[in-house]
Amino acid sequence: MASLPRALSKLGYCSRTAAMALIAAGRVRVNGQPAKHEAMRVHMARDVITVDGEPVMAARKHYLMLNKPRGLITTRSDPQQRGTVYDCLAGHDVPYLSAVGRLDKASEGLLLLTNDTLWADRLLDPVSHVDKRYHVKIDRLADEGFLSALTAGIDDSGERLVAKSASLLREGPRAAWLDIVLDQGRNRQIRRMVAALGAEVTRLVRVQIGGLQLGDLPKGDVRSLTSDEIVRLSGAAAPSNKIAG
């Protein structure tokens, strides 16, 4: 069972926010009866949901990777009219897709989008510990103590933030590029860790999720994942890879 807005989202029809607006406008029916409130629960395999009299059917599953440009937000619409990652899907014949996790406005790189909510939930499940690799530029040099502090862990706002690995990629006179791997999913984790060590992130690029690499996909472009890539990402989030506890 799922709430009606969540069911419409899972079926790939629209976002939950858009679904609530459709319900409020009286355009949604369940088994022929008007849906009177957004808290209504439905059985997606048995109940017949219609919008404007047309049945809502499960859309074919889509799995995309995007090289997110800096400056876009990871949401479908924005009251401030800022650019979103969905602008990159213009011209692509795909149903409603959700981002698998987020990259903040100032971050860039690999972002997954799909309408397979179960697959996305497995990748995002904290106990799955799917590795995510980032190339990070900071505004200072990074000695061994700085790198060790990232992997030892930092307490911030009641959370323990730990990098799985951290190494130096290259450095200049006053800045350094780091390779950082996370298997946690804390909000703005790298930026918070770096700030706690007295530095600032000036660029942050996600280059890999599990075994999937960003590669040479041009900035702002999207492509479909191959069957092999989907299977390998599913394997990275499989129960056998979870840490018991």
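**View 1. Salt bridge between Arg191 and Asp104.** The side chains of Arg191 and Asp104 form a salt bridge with an N to O distance of 3.0 Å; a salt bridge is a side-chain nitrogen of Lys or Arg within 4 Å of a carboxyl oxygen of Asp or Glu. Arg191 belongs to helix H5 (residues 189–196), and Asp104 to the loop between strand E8 (98–99) and strand E9 (108–114), 87 residues apart. Helices (H or I, at least four residues) and strands (E, at least two) are DSSP runs, numbered from the N terminus. Arg191 is buried at 13% relative accessibility, where buried means under 20% relative accessible area, exposed over 50% and partly exposed in between (1.4 Å probe, protein chains only).

The model is predicted: local features need pLDDT of at least 70, side-chain atom pairs count only at pLDDT 80 or more, and totals for chains, interfaces and linings use all residues. Residues are numbered from 1 along each chain as its sequence is written, and side-chain values use heavy atoms, leaving out hydrogens and water.

**View 2. Salt bridge between Asp131 and Lys164.** An N to O distance of 2.9 Å joins the side chains of Asp131 and Lys164 in a salt bridge. Asp131 lies in the loop between helix H3 (117–124) and strand E10 (132–138), and Lys164 in the loop between strand E12 (159–161) and strand E13 (165–171), so the pair ties together parts 33 residues apart in sequence. Asp131 is partly exposed at 27% relative accessibility, as is Lys164 at 47%.

**View 3. Salt bridge between Asp78 and Arg82.** The side chains of Asp78 and Arg82 meet at 3.0 Å, N to O. Asp78 is buried, at 12%, whereas Arg82 is partly exposed, at 32%.

**View 4. Network of salt bridges.** Asp156, Glu159, Arg186 and Arg192 are linked in a network.
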